Amino acid sequence: MSETEEFKPYTILPGETVSLDKYKNEKDVIKIGPGLLHEKHQISAMKAGTLKNYNNQKWWIDSSQRRYVPSLNEHVIGKIIAKTQDYFRVDIGSAHSALLSTLAFEGATKRNKPNLEIGALVYARVSLANKDMEPELECISATTGKANGFGELKNGFLIKCSLGLCRSLLNPNTPILTALGEHFAFETAIGMNGRVWLNTADISNTILLSNAIKNSEFLSAKEIKQMVKELVKQSEDDMEL
Amino acid sequence: MANEVLREDKRTNSQLRPISSVLSSLNRADGSASFSFGNSSVLCSVYGPQEVKIKDELLDRATVEVNITPQIGIGSTTEKNMERIVREAFSDVIITSLHPRTSISITVQITQDEGSIISTIINAVSLALIDAGIPLRSTLLSVTCAVQEDGVILLDPSNEEIKNATSTHVFAFSNTSNDIISSESTGTFSEEEYFKCADICKLAVSSVLKFVHSAIEHKLQKEQKN
């Protein structure tokens, strides 16, 4: 086995080439992910961000952006903008609106179709993502065929944020949601397309929650705790008035 | 170079004005950046890949639109010409084939024009495209220089210096190959002067690149605090 070099994540700009060979063992297969481009026997960056890897085999560029580009099997939140006999047209924030078949719901048949109004929110999985075709969605799990949490999001409130913030919210130990959870109960659905759906028992808590999440993007874990504490205290003071 | 004659603003001939930039300054655009060389500054926003008008739709690649608005009033032929330069410079830099049937819309607002404005615009557009996460083949950066009547080449000229110049040259370089990606010259000049200017600008662009690198690094640090 050949010697491999220790890799440290670093900032990379579009156009910079990376040679990954020196970090891998002979038998390893390299997989490149978001932000990297394989062209003319060279791997180069096409986005600015931090070059990261997993096990020296999977490489990607970690960066945040605002515009969503659909990718297979990502969970997204969409808004129904039109409906026909066979499908719903759903806005997921990408360049083209997505299609959601009326049969792509748990237990749906030709006779028993889900009844979604225009403007309704759905939590769905991207089942087709191809640059030349319109994206397609499904509200059933790929493996079990069950709903698994997908489907219409009733009530609640939708906020938009950057894709990077959404990704960090999906971390089970994310400081912002943990800190908020210590104060009151809430329900969330986080789409990879920069949309977060929130539902609480009380409207004032929904407002607090959406403000706290939007504010948290550039704060450290310690600062988030402090901010949530202040927001909760302020909302309690307002209640008393 | 102690005996070199300083310019009006106390710079040496091969000195850039102080560079500054702000990334993601607009919160509704997909990407935005402001960039300035001294008092020349522009604000740029990028939207896309987004829905495209049917008449502009291209089946195999994204449509790149560039809009430049002057400091005062509406755009004239000067701005149309600058739009052309920017669009042509970025046409090979943006990997448009990755987002067919979409539009990438670049809007530039000139906030102050104190010379070398095309270079300022190109740098701002580069930063805004990076901020928007648009796939790019390289990072394109630009610097201008002006040849005076006595043959002295001034880097990053002000409006006054451009007025007194026999020729001005705008060069844009990519960070990958060090080749000239875009070049725009006005006035009369010799071949020798042209290549001398290219060499001087190439050298100066590397310091702009260093600045851009640290600006991006700073933004990433802010994003990845936790």
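Which strands of chain A does helix α3 lie across? Helix α3 (residues 203–215) of chain A lies across β14 and β16 of chain A, and runs at about 15° to β14(A). Axes here are lines fitted to C-alpha atoms, for helices over the stretch in contact, and angles run from 0 to 180 degrees between N-to-C directions.

This is a predicted model, in which local features need pLDDT of at least 70 and side-chain atom pairs count only at pLDDT 80 or more, while totals for chains, interfaces and linings use all residues. Residues are numbered from 1 along each chain as its sequence is written, chains are lettered from A and ligands numbered from 1 in the order in which they are written, and side-chain values use heavy atoms, with hydrogens and water left out.

**Chain A overall**

Chain A has 4 helices and 16 strands. Helices (H or I, at least four residues) and strands (E, at least two) are DSSP runs, numbered from the N terminus. The C-alpha trace of chain A spans about 65 × 50 × 30 Å along its principal axes. Of its 241 residues, 44% count as buried. Buried means under 20% relative accessible area, exposed means over 50%, and partly exposed lies in between (1.4 Å probe, protein chains only). Take the contacts in chain A with a separation of 6 or more: residues 24 or more positions apart account for 61% of them. A contact means heavy atoms within 4.5 Å.

Strands of a sheet pair through backbone hydrogen bonds, either parallel or antiparallel. β14, β16 and β15 of chain A, in that order, form an open sheet of 3 strands with antiparallel pairing. Its edge strands are β14 (157–160) and β15 (187–191) of chain A, each pairing on one side only. From one strand to the next the twist averages 20°. Two strands pair if DSSP finds at least two bridges between them. β14(A) and β16(A) (residues 195–199) are joined by 4 bridges. Within this pair, A:I159 stands opposite A:V196.

**A hairpin in chain A**

Strand β4 (residues 36–39) and strand β5 (residues 42–45) of chain A pair in the antiparallel sense over 4 bridges. A:H38 has A:I43 in β5(A) as its bridge partner. The hairpin has 2 residues between the strands, and A:K40 takes a positive phi near 50°.

**Helix α1 of chain B**

The buried residues of α1(B) are B:E79, B:M82, B:E83, B:I85, B:V86, B:A89 and B:F90. Seen down the axis of α1(B), they fall within an arc of 165°, so they line one face of the helix. The arc is that of the directions from the helix axis to the C-beta atoms. On the other side of α1(B), B:T77, B:K80 and B:E88 are exposed. The cover over the buried residues includes β4 (63–69), β5 (103–112), α2 (117–132), β6 (140–148) and β9 (180–187) of chain B.

| Residue | Relative accessible area | State |
|---|---|---|
| A:T50 | 9% | buried |
| B:F171 | 0% | buried |
| B:T186 | 47% | partly exposed |

A:T50 sits in strand β6 (residues 49–54) of chain A. Leaving out residues up to four places away in sequence, A:T50 touches A:P9, A:Y10, A:T11, A:W60, A:I61, A:D62, B:L220 and B:Q224.

B:F171 belongs to strand β8 (residues 165–174) of chain B. Beyond four places in sequence, its contacts include B:L141, B:V143, B:I180, B:Y194 and B:C201. B:S182 is also touched by B:F171. These two residues are 11 residues apart along the chain, with C-alpha atoms separated by 5.8 Å.

B:T186 lies in strand β9 of chain B. With residues up to four places away not counted, B:T186 touches B:T166, B:S167 and B:T168. The C-alpha atoms of B:T186 and B:A146 are separated by 9.6 Å, at 40 residues apart along the chain.

**Where the chains meet**

How many residues of chain A are in contact with chain B? 32 residues of chain A are in contact with 40 residues of chain B. The area buried between the chains is about 2900 Å², and carbon and sulfur atoms give 53% of that. In chain A, A:L13, A:R66 and A:R67 lose the most area to chain B, together 22% of what that side buries. Buried area is the accessible area (1.4 Å probe) that two parts lose on being put together, summed over both.
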